[in-house]
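Have the viewer open as you read.

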Amino acid sequence: MFAYISGILKNLSSACLEINGTANHLHALLSQSKNIALCDLVEEVKKSSSKWIKSKGSQFRRFRWQDGYGAFSIGESGVPSLRRYIRLQKQKHANKSFQEEFVELLEKYKVSYDPRYIWR
């Protein structure tokens, strides 16, 4: 799935620099093209990857992405540590759930959110 998503991003002129995840989420570090809005990029990644995985066998026929997504921008100096963070997803989530981690990120960077809507 990660290689397929990297290909989708490449086709959208948005290079995938790092991608990894667990059974319930993924993280992708990418250099987004200036010619596509983030919401359109995420929509295409979700649509195309969902269609692809469903073609891989009956065990994937019920696959679906959640409705929303989280996106953060970083400066060039943050790229090495973010790459490391993405590579270590399985280890990170052995001790802390994705939901806990995501809320911590929102609070750390002072992103307002309504908890009623982030886990639908």
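## About the model

This is a predicted model, where local features need pLDDT of at least 70, side-chain atom pairs count only at pLDDT 80 or more, and totals for chains, interfaces and linings use all residues. Residues are numbered from 1 along each chain as its sequence is written, and side-chain values use heavy atoms, with hydrogens and water left out.

## Fold and dimensions

You'll find six helices and two strands here, running α-β-β-α-α-α-α-α along the sequence. Helices (H or I, at least four residues) and strands (E, at least two) are DSSP runs, numbered from the N terminus.

Along the principal axes, the C-alpha atoms fill a box of roughly 40 × 30 × 30 Å.

## Surface and charges

Of the 120 residues, 27% are buried, meaning under 20% relative accessible area with a 1.4 Å probe, protein chains only. On the charge side, there are 20 positive (Lys and Arg) and 11 negative (Asp and Glu) side chains.

## Helix α5

Helix α5 spans residues 98-108, and its buried residues are Phe98, Glu101, Phe102, Val103 and Leu106. They pack against β2 (25-31), α3 (79-87), α4 (89-92) and α6 (115-118), with contact meaning heavy atoms within 4.5 Å. Just after α5, Lys110 has a positive phi of about 55°.

How values were computed
Buried < 20%, exposed > 50% of the residue type's maximum accessible area, 1.4 Å probe, protein only. Charge placed at Lys NZ, Arg CZ, Asp CG, Glu CD.
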